[in-house]
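Here is a short briefing for a reader meeting this structure for the first time. Please look over the sequence and the model, then read on by topic.

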Amino acid sequence: MSNITGTLDGAPAPKVRPRRPGAPKTPRTKWRIQQRTAGDWAVDIVLGVLIALILAAVIYPLWFIVVASFSDPRAVATGEVTLLPQGFGLTGYEMILADDRIWTGYRNTILYSVLGTAVNLLVTLPAAFAMSRREFRPRRIIMFLFAFTMFFGGGLIPMFLLVKQLGLLNNMWVFILPTAFSVFNMIIARSFFESSIPEELREAAALDGLSYFGYFLKIVIPLSSAIIAVIGLYYFVGHWNDFFTGLIFIRDQELQPLQNVLQQILMANQSSAGAGGSLGQSAGDAQNLADQIKFGVIIVSTLPILVLYPMLQKYFNKGVMIGAVKG
């Protein structure tokens with residue numbers, strides 16, 4: 001029987017050059033795990049301790065506020081509260097939630113935050129998309145004008161006069177319209193559109209007869225959930241923590257946001273403590289109760305944000321890294 005020297009398709013088999021006698025063998029590559037030295041372990045331990053200390057320094061103040069808000073005011077004042085509540089009680093929360101203004105403030109703040117965030121995204125995303133298109137010739141001039149407003153402003157008095165002339169005093173729209181656009185968030189969104197949306201998608205959309213508006217709504221927006229979550233969270237937290245707007249431009253109690261209502265409750269109890277407390281209450285007890293209300297105010301004002309953030313954390317981390325300005 002003759003030897004088969006070809007392949008199935010008729011092509012000749014490749015020739016293998018024989019190894020010469022006495023030639024060294026080709027060494028095989030061996031993957032070895034490098035042994036960790038004592039110095040490596042020492043560095044890991046030091047870094048772990050530093051990270052643990054930084055984490056404790058960040059988390060413990062918030063944990064102490066939560067624990068103190070559920071503890072006996074006297075135990076908090078004497079320093080007995082450290083990690084766990086002492087003399088569990090809800091006195092501070094009862095006094096805060098018993099005030100009807102707190103529910104009005106919550107309603108107003110939720111309305112201002114949700115509606116304001118929607119208006120912010122409605123204005124910021126189209127502007128960022130336009131600034132990301134290289135064929136948009138005036139974009140450099142417009143971007144310069146946008147950036148100019150980040151460094152120079154008219155100040156409080158011109159702002160107050162402008163709001164008054166626009167008829168926004170004692171109006172809910174004063175929380176929304178003056179802060180409808182943020183140049184900083186627009187720059188983040190523009191960087192995301194430039195670096196994360198392939199230009200080939202625009203070319204394919206143009207071949208299918210899709211306009212810029214249709215391309216933005218049907219392709220860009222569905223692919224931008226991460227950056228939308230990031231700047232949406234920025235806007236929402238800004239509206240939720242907005243204290244200055246209600247203090248300067250709002251006089252109607254029915255329009256006051258939560259932050260201003262909590263500030264009024266806190267000041268009222270501080271004044272009561274400074275006056276020596278109510279009838280049958282010592283000055284020390286009045287001050288301890290004021291401090292208890294202070295802890296409760298912090299929890300009531302930040303709890304919705306603490307609940308909302310874990311839901312958006314995965315989008316937040318991804319969006320910050322992708323939408324970062326790359327140098």
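Patches are made of residues with over 30% relative accessible area and no salt bridge; like charges are joined within 9 Å, and nonpolar side chains (Val, Leu, Ile, Met, Phe, Trp, Tyr) within 5 Å. A salt bridge is a side-chain nitrogen of Lys or Arg within 4 Å of a carboxyl oxygen of Asp or Glu. Accessible areas come from the Shrake-Rupley method with a 1.4 Å probe, and for residues only the protein chains shown count as cover.

This is a predicted model: local features need pLDDT of at least 70, side-chain atom pairs count only at pLDDT 80 or more, and totals for chains, interfaces and linings use all residues. Residues are numbered from 1 along each chain as its sequence is written, and side-chain values use heavy atoms, with hydrogens and water left out.

**Nonpolar patch**

- Ile141, Phe144, Leu145, Phe148, Met150, Phe151, Phe152, Phe184 and Tyr234 make a nonpolar patch on the surface.
- Together they have about 1,000 Å² of accessible area.
- Helix α5 gives the most to this patch, with 6 residues.
- Leu145 lies in α5.

**Overall build**

- The chain has 13 helices and 0 strands. Helices (H or I, at least four residues) and strands (E, at least two) are DSSP runs, numbered from the N terminus.
- Of the 327 residues in the chain, 32% are buried. Buried means under 20% relative accessible area, exposed over 50%, and partly exposed in between (1.4 Å probe, protein chains only).
- The chain exposes about 21,500 Å², and carbon and sulfur atoms supply 67% of this area.
- Among contacts between residues at least 6 apart in sequence, 70% join residues at least 24 apart. Contact means heavy atoms within 4.5 Å.

**Helix packing**

- The axes of α5 (residues 139-151) and α7 (residues 183-196) come within 10 Å and cross at roughly 145 degrees. Axes are lines fitted to C-alpha atoms, for helices over the stretch in contact, and angles run from 0 to 180 degrees between N-to-C directions.
- On the α5 side, Arg139, Met143, Phe146, Ala147, Thr149 and Met150 take part. They meet Val183, Phe184, Met186, Ile187, Arg190 and Glu194 of α7.
- By class, this contact of α5 with α7 has 8 nonpolar, 1 polar and 3 charged residues. Here Ala, Val, Leu, Ile, Met, Phe, Trp, Tyr, Cys and Pro count as nonpolar, Asp, Glu, Lys and Arg as charged, and the others, Gly among them, as polar.
- In helix α9 (residues 212-220), Gly214, Tyr215, Phe216 and Val220 are buried.
- The buried residues of α9 pack against α4 (100-132), α7 and α8 (199-207).

**Salt bridges**

- The structure holds 3 salt bridges.
- Glu194 and Arg139 meet in a salt bridge (3.4 Å, N to O). Glu194 lies in α7 and Arg139 in α5, so the pair ties together parts that are 55 residues apart in sequence.
- Arg139 counts as buried at 16% relative accessibility, whereas Glu194 is partly exposed at 41%.
- Arg133 forms a salt bridge with Glu199, and the closest N and O atoms are 2.9 Å apart. Arg133 sits in the loop between α4 and α5 and Glu199 in α8, so this pair ties together parts that are 66 residues apart in sequence.
- Glu135 forms a salt bridge with Arg133, with the closest N and O atoms 3.1 Å apart.
- Arg133 counts as buried at 9% relative accessibility. Glu135 is partly exposed at 40%, and Glu199 is partly exposed at 38%.
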